[in-house]
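Subject: Structure handover

Hello,

I am passing this structure on to you. Please look it over first; notes on what was found follow below.

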Amino acid sequence: MGEIQNSIEAALQATQTRPIPKSAQARVRYLVRTVDKGSTRATAARLGCSQRQVERYLAGQAKRPTPRLAAAIEREIRRAWQPRLRQRAIKQAAQTGVVVETRARFGFTAAGGSTDDPRMRRITEQLPPDAAAQLLAAHQAGADEQQLAQILAGGLGFAYFRDRGRRADGLDVEIGDVDYLELGL
């Protein structure tokens, strides 16, 4: 995952109220029961392992996953843990907006005679609710890093560079080289 995807996941995980299960057996059991509705085959496809391996974890015969499988289990359990809290946080962010703090390279496409050289900027800004909703919906739908960067650039372009529509009409913002990004839901 990229920097934007990681920061969205971190912000969503910060809304959780209960800790994620510790053991691999408990994590796989949660994925099989709640996410894949009892299907060990679907869980195996999600984790990239065999159905028999998932069954071994459920039976307690396997206890320590390989590093690749441990990373897959960690990724999937974090995405699936407390789904109602995640949806509530997304709904609230779509109504109130999201605070974005980032250090990234911003470039512009603007009218002739203006400078459009990309440069590093540190920005802390409240994204408007529609841009926040679009960003989080795209993340939930599985958008890649480039698509998320375009949505984020559009939202920051409106909120910061165009001063919420009060200046620089027609300015298109491009974002690249994201040094760090934090979202506050």
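Which helices each supply at least two residues of the lining of the largest pocket? In this predicted model, they are α1 (residues 3-13), α5, α6 (83-96) and α7 (129-140). The most comes from α6, which gives 3 residues to that lining.

The largest pocket holds about 230 Å³ of space. Its lining is made up of Met 1, Gln 5, Glu 9, Arg 79, Ala 80, Pro 83, Arg 86, Gln 87, His 139, Gln 140, Gly 142 and Ala 143. By class, 4 of the lining residues are nonpolar, 5 are polar and 3 are charged.

On the α1 side the contact is made by Glu 3, Ile 4, Gln 5 and Ile 8, and on the α8 side by Glu 145, Leu 148, Ala 149 and Leu 152. This contact of α1 with α8 has 5 nonpolar residues, 1 polar residue and 2 charged ones. Gln 5 of α1 takes part in this contact and also lines the largest pocket.

The other pair is α2 (residues 24-35) and α5 (residues 67-80), whose axes come within 10 Å and cross at roughly 45 degrees. The two helices are therefore oblique to each other, and their crossing is left-handed. From α2, the residues in contact are Arg 27, Val 28, Tyr 30, Leu 31 and Val 35; from α5, they are Ile 73, Glu 74, Glu 76, Ile 77 and Ala 80. Among the residues of the contact of α2 with α5, 7 are nonpolar, none are polar and 3 are charged. Ala 80 of α5 belongs to this contact and is also in the lining of the largest pocket.

Regards

How values were computed
Residues are numbered from 1 along each chain as its sequence is written. This is a predicted model: local features need pLDDT of at least 70, side-chain atom pairs count only at pLDDT 80 or more; totals for chains, interfaces and linings use all residues. Side-chain values use heavy atoms; hydrogens and water are left out. Axes are lines fitted to C-alpha atoms, for helices over the stretch in contact, and angles run from 0 to 180 degrees between N-to-C directions. Helices (H or I, at least four residues) and strands (E, at least two) are DSSP runs, numbered from the N terminus. Angles under 35 degrees count as roughly parallel, over 145 as roughly antiparallel, 65 to 115 as roughly perpendicular and the rest as oblique. A crossing is left-handed if the near helix is turned anticlockwise from the far one by less than a right angle, and right-handed if clockwise. Contact means heavy atoms within 4.5 Å. Ala, Val, Leu, Ile, Met, Phe, Trp, Tyr, Cys and Pro count as nonpolar, Asp, Glu, Lys and Arg as charged, and the others, Gly among them, as polar. On a 1 Å grid over the protein atoms alone, a cavity is a set of points where a 1.4 Å probe fits but cannot get out, and a pocket is an open set with protein on both sides within 12 Å along at least five of seven lines; lining residues have an atom within 4 Å of a point. Grid points are joined across faces, edges and corners, and a volume is the space filled by probe spheres set on the points.
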